[in-house]
Amino acid sequence: MKTLYVSDLDGTLMQPDATISPQSVEALNSLIAQGALFTIATARTPATVAGILRDVTMTIPAIVMTGASLWDKNSGHYTRMRFFDREAVSKVVEIYRATDTSSFIFTLDHDMVDIYHIGGELNELQREFVAERIDSPYKTFHIGEPLPDDLSKVVLLYTMLPDAKAADTYEKTRLLPGIRAQYYHDIFGPEIGILEAFSDRATKALAMRSLADSLGVERIVCFGDNINDLPMMAEADLAVAVGNALPQVKEKADIVIGPNTADSVVKFIREDFLMHNA
């Protein structure tokens, strides 16, 4: 049975040190060489995805920026971009500015991500975010520069804020037409809220389904650990939660496997692939 395997990165496929273990890399490459269709679905952009997947012999595009685009590691090309409606993104920007919500705005054009900043001073986490990516060939920062006049190429607003601030801004934006806002906790802990906004046409689930249709697969197996993985897991034929996933994610999963620290995703893929391709 032709199956597409889709894994979240942080907390799922990756180790706590934000790498894929050598054992998982070796096993993935062997499976891909045998014909396994494997990809990742992440909120990350290629600026960090490229390094994480450096040693993985990817043959199909990755789902990046939480489904706002597909990205081909081998060519560097983006496809299936899902941009904000101009009126919708203008309204989000207006609210962020009025509430001093410090946020990054990502635009995508000609295979280059440009990142602007609005809404007050950068906090410590945001400064670290810039410092870790400032030399990336996949994105250019424009901190302190005005937004472009043309907002037709905006794909994402992303920020890390004190939890109460993130929750408050989320409530102000979550019902805006044309917007899909997300608020959740990630690796920074419960005192920090992650706030994202996308076009309502940009989701991991929709991107995964589009990729599956283009590949003509009969079955989708996906892996996740966090709240933002649930729509993708609901779309899959088999939803798998890692052992360290949030309780809400485990509850919705069809299967719960071992934790991300034990190469559990790749072990499951290997067993499943061999069973369906014996």
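Which residues of helix 5 are buried?

1. The model is predicted, so to speak of local features a pLDDT of at least 70 is needed, side-chain atom pairs count only at pLDDT 80 or more, and totals for chains, interfaces and linings use all residues. Residues are numbered from 1 along each chain as its sequence is written, and side-chain values use heavy atoms, with hydrogens and water left out.

2. In helix 5 (residues 124–133), the buried residues are Leu125, Gln126, Phe129, Val130 and Arg133, where buried means under 20% relative accessible area and exposed over 50%, with partly exposed in between (1.4 Å probe, protein chains only). Helices (H or I, at least four residues) and strands (E, at least two) are DSSP runs, numbered from the N terminus.

3. The face turned away from the buried side carries the exposed residues Glu124, Ala131 and Glu132.

4. The buried residues of helix 5 pack against several elements, among them helix 3 (46–52), strand 9 (154–162) and strand 11 (192–199).

5. Ile192 lies in strand 11 and is buried, with a relative accessible area of 14%. Leaving aside neighbours within four places in sequence, Ile192 is in contact (heavy atoms within 4.5 Å) with residues including Leu125, Met160 and Tyr184. The C-alpha atoms of Ile192 and Pro162 are separated by 4.7 Å, although the two residues are 30 apart along the chain.
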